[in-house]
Amino acid sequence: MKKTWTLRRQLNILLALIVIFQSVALVSALLVSQVFFMLDAEAVRLLNNTTETRMETFNSAVGLMIGNMADETQQLNSELILLARQKGVSPESLYLDNGTYNETALLASDSLVSILKQNRVTGAFFILNGSNANQDDQAAHSAVYIRNATPEDGETSNFLLEIGPMAVSKQYTMATSIRWNLDMRADQEASSFDFYEKPIWASTQFKNSEMERYGYWSTPQDILKDNQQVVCYTMPILDENGKGYGVMGIEIDMPYFSQSYLPDSDLIYQNSFYVIAGMENDALDLNWFIPSGVLAKTYLKSDEELRLKSLEDDGIYETKLDELGSMICSVRELKVYSGNSPFADQNWTLACFVPSDVLRENSLSVQQKLVYSIVLTTLLAFSAVFVLVYFFTRKISGVAKYVRNLSPYDEIHFKPTGMLEIDDLTSAVQLLSQSLVNVSKTTSKILELSLLPIGGYEVLDNSKHVILTDFLYWLLHLDPGSLITKEDWQTYYEKLTNYPMEDYENIYGYYDQYTEKQLWLRILEAKSPTGIVGVILDVTDDMAEKQRLTNELDYDALTGLLSNTALKREVTRKIKEAPDKIGAMIFIDLDNLKYINDNFGHDVGDRLIIRASEIFRYFEQYQGLVSRISGDEFAIYLHNYDHQDPIRKIVKTLYDNEYYLTTPDGFRNRIRFSAGVAWYSLDADNVTDLLKLSDFAMYEAKSKEKGRMFEFNRKYYEQMSYLLENREAINRLLDEQLIRFAFQPIVDLKTGEVVAYEALMRPLLDNFKNPTEILAVAAAQSKLAQLERLIILLAFQTIEERSEEIGSKKIFINSIPSQRLNDEDSQMIWDNYSHHFDRVVIEVTEEESKDGKNLDKKVEYIRKSGMQIAVDDFGVGYSNEIRILSLLPDIIKIDLEMIQGINKNVDKQNLVANLVSFCHQKGVKVVAEGIETKEDLSTVIKLEIDYAQGFYLGYPSFELAEISNPVKEEIIKQR
Amino acid sequence: MKRKVIAMCIILSVLFLLTACSAGEKTALDPKNPVSITLWHYYVGDNKIALEKAVDQFNKTIGSEKGVVVSAVAKGSIAELEKAVTDSAKGVINAEPMPDLFSAYPDKALEIDQMGKLCDLNDYLSKEEKSRYVEEFLKDGQFDGDRQLILPIVKSTELLYINQTAWNEYAAANGVDTQKLTTWEGVYEAARGFYQWTDAKTPETAWDGKSFMGIDSLANYVIIGNKQLGVEIIDGANQKVVLNRTVMKKLFDNYYGGISLGYFNAVGKFRSDDIKAGDLAAYVGSTSGAAYFPTWIEKNNTQSPIDLLALSYPVFAGGNPDAIQQGAGMSISKSTPERQEGAALFLKWFTAEDQNIEFAMTTGYLPVQSGAYENAAFKESLESMRSGEQSEKNVAAVYDIALDQIMDRDTYASIPFSGSYDVRTTLEKSLIAMAATGRENAMVLKEQGMTEDEILKTLDLNARFEEWMTTIRNNLNERGIVYTENQ
């Protein structure tokens, strides 16, 4: 789906994109041009310059000092040689004599003072090869050691005599120090006296060389044991032969070295510092180092090696210091020795450390500021875009807003926007709108002319008014074209839809009060994107037609009573209207319609029905719904009662009267009817169930006491319901022949052989639990004849199929005594199965044999066919000997009631003995039914009963089972 | 839409405001951007080293924490320091920039303050912090009511140092005891006795007696001598110099006579140097020089051991036993807020008990916080010094006298006024010059074979005194310092 966006949004996005593109282009330009890299490189170059300058300054200061030292030393050398000559001693023994030594010391102190005045050093000293004060002490050296606390000015009064004779102190009014001494002692560790030994050693290496070549720098150490680390530079005192017998040196203490030679003020960077140390293989050896200040002392770890990583630029390294992080380090080797010095390999390197983030601060800050300004300008550009676009599109959205708020009845008039395209568009819209108005008018007209009673309306979400077509104005009796507000329309709409027709969707009854006419309207609504559209069609004519048709369906043509369907509908309606009330469904069946029909024909039957309907209209005065269900069945429904008793009273009154129908023979026949009542809502809550249950109650009445009314009895219903419920099942069973036979052996008590089987009907439908239920349902449904036909036909069919198995054994078939096959069927059996007749025994029961006529005919038929007859269940019910006589059966089957427990019951034994003797006299064989115990079997054998059947002898089975051998032997044994 | 635009504008302007404003600051110091403080001091030798160590420690600890780096510059002597500070304050061509922090005596501080170059330290000290200092010491740095221009660093007093070895020899031979040394008159006599006794050792050589006595600070000698005799020569209260002729004559005669006749002497830079050279046997000097008093002296180019006898400062007969109380403190010059604060931070740290005791005890100064005197570490180190090496025992002996003077006797520090510093110089220089001339003249007279009395007579002490007074008056007039003269 393509998105539609407002012009404002599109413009905003377009311009915003341009702004973003510009910013991105700017950023890329900055990146490509490597501006920041250049700034960084510049910072590194500046750092390199600083270090370079410091190195040069240092080198020249040191160079000058060395030069001066060399001059002074050489001068002192010659002075001392002269002095020694004057005194007639060798220079090496100048220290021995007090006077000579004092002169030596004074000469030396002249040189020392001169050195102190000319150079920026904190001390100068002169050490001889032996001690004047302690001549025996080899480690002691006479020395003059003068310190100057203020190297910047050479005021001798500030000098402090650390070591030397008082003569020197007096000579220069020079204070003596706390540790003032006469000698310097070499009894320190070997290396720490290097400032004395090294230059003398150097002088032995290169005889008669220039003095500068012998100079030696000692690394920081506490020479005077006063907690002051100093760096010394010493030169040898030589005799005429160039043999060293002492040194002259200067010291620079650490604080002054830092202040004067490595001033932090050089460094414009925060947290940066200088250090002088030896450097080898890209590592600063911090065994000794001269720090420029507290930072260097804090962050550099003495006695460790600080590894440096070389970067692109010459002399630039990178390293890491604990707290300061990454450091950029600019490195220059200092020139403290001349090239030919034996100590030239001692490396003194000046390193300047600057934290890399500080060094790159400039570029970072420029970068940051650039980012800020880019972001800021972008934001400003965005806001400008939004504001400008807003003003630009305001006119256009104004037009849109104007159109949105237009009512269809308004005349359209656009304000010119001053934009040519937009104004063209608006005038086009104006034209279009005009033609639309015309079109809509035309449509309305056409509808009107079509004479269809149809109208439409539209309810728009964003409009206060509702649009109606002319028809609706007419329908609602409104002035055509008047404005209808949504609220008004709501009222009209409710009126129109107040009475929806049941069973007819979207049709509403509407009573037009002006014309006092009942109208029916079909109202259809549909949601549209902007609201609701609806169509109203007047369907009054259609509805009238429909109602007429409905009437015909609702009433029974013969009696004018409600039809079955109508009853159901109306009852449902009544229940729905007052669900909390009590109602009664009265099911009535005329008792004698069949008789009238049979005897006087259907016309008279119809009269009976009409007469009955008139009688039952009695209920109409109680707002009863009276209907004819079918044939002679009527149903009446009474509702809106609070108790059952008033209804009972009403029904009783009906029964209190007697009703008659005079038949063409002039006889007044009493009209009797049986009735059943089922209660709403006690027994059922819907019309279908009410009908079913009241029908059942009626059935009960009919079966128990014809011509009476029975109320529905749930207990009874639960017992008998299958009768009703299996009405369909019995039909199915009959139609589809859903039964088969099980065979229970009947044993000859003389031989122990199976002589016959009783074919027992077994339903193939789950609805029936046993044959008795089939019989009961069939009886209730008057289907016994069909059942009998089925049993007999199927039995013969089975015998035919299994004739080989059966062999000569007999098959007992249970027939229904009251029923007999019709002639056609009888003939069919005769034709097909007559060859089996000799092995068939038809059992009839006593109790069913009431319809004497049928039974007689049946017996006659059986006899004629050659089949045998057995009386079943003999000894219970209606049994009497007369009956047996009249039947002349071949076999009597003594009911299990008589047989079970016979071994203990003398009465039964006597009765059965009598019966057996009677039967045997008449030539009737006796079968004992229900043998289930060994004892009963023995007893019946003793009583000389011919045959026996029962579970002890064999269960009914679909197979033709034989008796088990033990039982068989048992029987034989008894004989 | 209009509302959105307005809202956007408001948000943007708030953002601007937020970036423009930064959090309010309580301190001007920033550890990331440390301020560099220059300190000028007059300490030399071990004091200098001790101060440099302290500065180092400060820079490494609290300094790096708060963003202060102090660099200490030695300016040699007090005089040089003061000259440099004055030059810087005045803006003399080629003068160094004004240090942030410098050692100062009250007189000089007052002078610099009048140029509007000093900070009032009250701005950096809470009441509670001030209460830690010995009130009297703190007061020495207060001017114009309660402007605290100097914070005391260490204090000292003066006492009498004696080469006990030499004294014992003399005392035993002449039957004198140290009681004689309690008065200036006694000292003069002892010095004469000592000279004559040593002179007599070599009868073949005349006038080769040894000087006994030296005075380190003649200005103090004049001021405290006046005070002992009831005169405040530098009358700070009245902003003038009081010249009491009687008292001044006594002081003049004592010193001029002593020097001229060789009983007193001054050869080296300090009198302790004279002791080392064997040129003197006693001197009055500051406790701060205690460590400089040697355990041996140079005798014929070898070391000859000596002991120290420390005694209270001598009193003129009939005078009040006043002793000088002195000591430079430090002042902070006006600069930027962060430098001033950094300097104050260092000062407070440096004068806190622990640092102060350590620094003071390097040479024999007295700490400035009252708590220090009760401080266990202070007492402990005194105790260990008493039983330590000879040099330590010496310092301990000096402390015993000094503490006694400070705690139990009257100590005095003149209240300065504008120009009073020059008064000190004038007094000292003029007396030195007079005495030097007197000695030269006496040498000539000695050659002529005069006796000591004849020499004194010839030198004419009265006339010389008038000469001295005239010099003083001229000097004071020249400097426009008000003075009164009385009998």
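Let's start in a loop of chain A: Ser681(A) sits between strand E28 (673-680) and helix H18 (687-704). Helices here are DSSP runs of H or I with at least four residues, strands are E runs of at least two, and both are numbered from the N terminus. The bond joining Tyr680(A) to Ser681(A) is a cis peptide, with omega at about 0°.

A word on the model. It is predicted, so local features need pLDDT of at least 70 and side-chain atom pairs need pLDDT 80 or more, while totals for chains, interfaces and linings use all residues. Residues are numbered from 1 along each chain as its sequence is written, chains are lettered from A and ligands numbered from 1 in the order in which they are written, and side-chain values use heavy atoms, leaving out hydrogens and water.

Another backbone point. His477(A) is not a glycine, yet its phi is positive, about 55°. Look for His477(A) in the loop between helix H11 (470-475) and strand E18 (484-485) of chain A. Most residues other than glycine have a negative phi, and most peptide bonds are trans.

Now salt bridges. The rule is a side-chain nitrogen of Lys or Arg within 4 Å of a carboxyl oxygen of Asp or Glu. Over all chains, the search finds 61. One of them pairs Asp137(A) with Arg185(A), at 2.5 Å from N to O. Asp137(A) is in the loop between strands E1 (123-128) and E2 (140-148), and Arg185(A) is in strand E5 (183-185), so the pair ties together parts 48 residues apart in sequence.

On to the interface. Chain B brings 44 residues and chain A brings 45, with contact meaning heavy atoms within 4.5 Å. About 3,700 Å² is buried, and carbon and sulfur atoms give 60% of that. Buried area is the accessible area (1.4 Å probe) lost when two parts are put together, summed over both. Four salt bridges cross between the chains. Asp56(B) makes a salt bridge with Lys297(A), its closest N and O atoms 2.4 Å apart. On the chain B side, H2(B) gives the most, with nine residues.

Last, a helix pair in chain B. H9 (218-228) packs against H17 (420-447) at about 110°, axes 8 Å apart. That makes H9(B) roughly perpendicular to H17(B), a label for angles of 65 to 115 degrees, with under 35 roughly parallel, over 145 roughly antiparallel and the rest oblique. Axes are lines fitted to C-alpha atoms, for helices over the stretch in contact, and angles run from 0 to 180 degrees between N-to-C directions. Residues making the contact include Leu218(B) and Tyr221(B) of H9(B), and Leu427(B) and Leu431(B) of H17(B).
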